[in-house]
Amino acid sequence: MELTKFSDYSLRLLIYLALNDDRLVSLQEVADAYQISRNHLVKIAGNLNQLGYVQATRGKGGGLRLAKAPRDINAGQLVRLTEGDAPLIECFDPVKNSCCLSPACVLKGALKQAENAFYSELERFTLADLVKRPENLRRQFPSLSESRVSE
């Protein structure tokens with residue numbers, strides 16, 4: 001199973017905001033920190049704002065911050081939301097399924113169990129768990145390390 005970039009970047013954005021919970025963070029800062037497209041982050045931030053995970057403030061001096069405490073953001077639930085309804089494999093979609101093996105296939109059941117296990121395991125973690133050692137994560141962002149040292 002492979003997460004979409006949308007899910008991956010959603011998690012990364014939330015991690016970055018959790019590491020900077022004392023201030024508003026610009027999308028450009030996050031894009032620069034992860035070296036990813038700002039335009040892609042705009043869509044992600046909009047989605048996370050709509051879902052109630054982030055709070056966006058527009059205009060000069062605006063930015064993003066977490067709308068919930070990190071302990072209240074479940075990683076598995078977030079990934080379920082950001083992955084959407086796209087089936088893992090074709091045969092999970094009764095409308096588009098054209099596989100001739102479906103009526104007798106054991107693989108379909110095995111893959112469904114694996115998908116459920118994946119989400120169940122991920123649901124054991126909150127954003128707080130993902131940022132448990134913030135000093136180690138901040139070291140990965142030179143600009144964050146420098147700004148924290150000068151405080």
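**How we know what we say about this model**

The largest cavity in this predicted model has a volume of about 30 Å³.

Me: What makes this space a cavity, and which residues line the largest cavity?
Reply: A cavity is a set of points where a 1.4 Å probe fits but cannot get out. Its lining is made by Leu11, Leu14, Ile73, Asn74, Ala75, Leu78, Leu127 and Leu130. H1, H4 and helix H6 (127-130) each supply at least two residues of that lining.

Me: What is the volume of the largest pocket, and what makes it a pocket?
Reply: The largest pocket has a volume of about 320 Å³. A pocket is an open set of points, whereas from a cavity the probe cannot get out. Of the 15 residues lining the largest pocket, Gly84, Ala86, Leu88, Glu115 and Tyr119 are the closest to its centre. H4 and H5 are the elements that give two or more residues to this lining, and H5 gives the most, with four residues.

Me: Why is serine 102 called buried?
Reply: Good one to check by hand! Buried means under 20% relative accessible area. Serine 102 has 17%, so serine 102 is buried. You will find serine 102 in the loop between H4 and helix H5 (107-122).

Me: Which residues is serine 102 in contact with, leaving aside its neighbours within four places in sequence?
Reply: Those are Cys91 and Asn97. They count as contacts because heavy atoms lie within 4.5 Å.

Me: How do you know how the span of helix H3 compares with the expected one?
Reply: Helix H3 (residues 38-50) has 13 residues, and 1.5 Å a residue gives an expected 18 Å. From its first C-alpha to its last, H3 reaches 18 Å, close to that expectation.

Me: Which residues of H3 are buried, and how do you know where they sit around the axis?
Reply: The buried ones are Leu41, Ile44, Ala45 and Leu48. They cover an arc of only 100° around the axis, so they are on the same side of H3. Here is the general idea: an α-helix has 3.6 residues a turn, so residues three or four places apart point the same way. Asn39, Lys43 and Gln50 are exposed, on the face of H3 turned away from its buried side.

Me: What do the buried residues of H3 pack against?
Reply: Their partners are helix H1 (5-19), helix H2 (27-34), strand S1 (54-57), strand S2 (63-66) and helix H4 (75-83).

Me: What makes serine 37 a cap for H3?
Reply: A side-chain oxygen of serine 37 lies 3.2 Å from the backbone nitrogen of asparagine 39. A polar contact needs such a pair within 3.5 Å, so this one qualifies, and serine 37 caps the N-terminal end of H3.

Methods: Residues are numbered from 1 along each chain as its sequence is written. This is a predicted model: local features need pLDDT of at least 70, side-chain atom pairs count only at pLDDT 80 or more; totals for chains, interfaces and linings use all residues. Side-chain values use heavy atoms; hydrogens and water are left out. The expected span of a helix is 1.5 Å times one less than its number of residues. Buried means under 20% relative accessible area, exposed over 50%, partly exposed in between (1.4 Å probe, protein chains only). The arc is that of the directions from the helix axis to the C-beta atoms. A polar contact is a pair of N or O atoms within 3.5 Å; within protein, one must be able to donate a hydrogen and the other to accept it, and residues adjacent in sequence count only if both atoms are side-chain atoms. On a 1 Å grid over the protein atoms alone, a cavity is a set of points where a 1.4 Å probe fits but cannot get out, and a pocket is an open set with protein on both sides within 12 Å along at least five of seven lines; lining residues have an atom within 4 Å of a point. Grid points are joined across faces, edges and corners, and a volume is the space filled by probe spheres set on the points.
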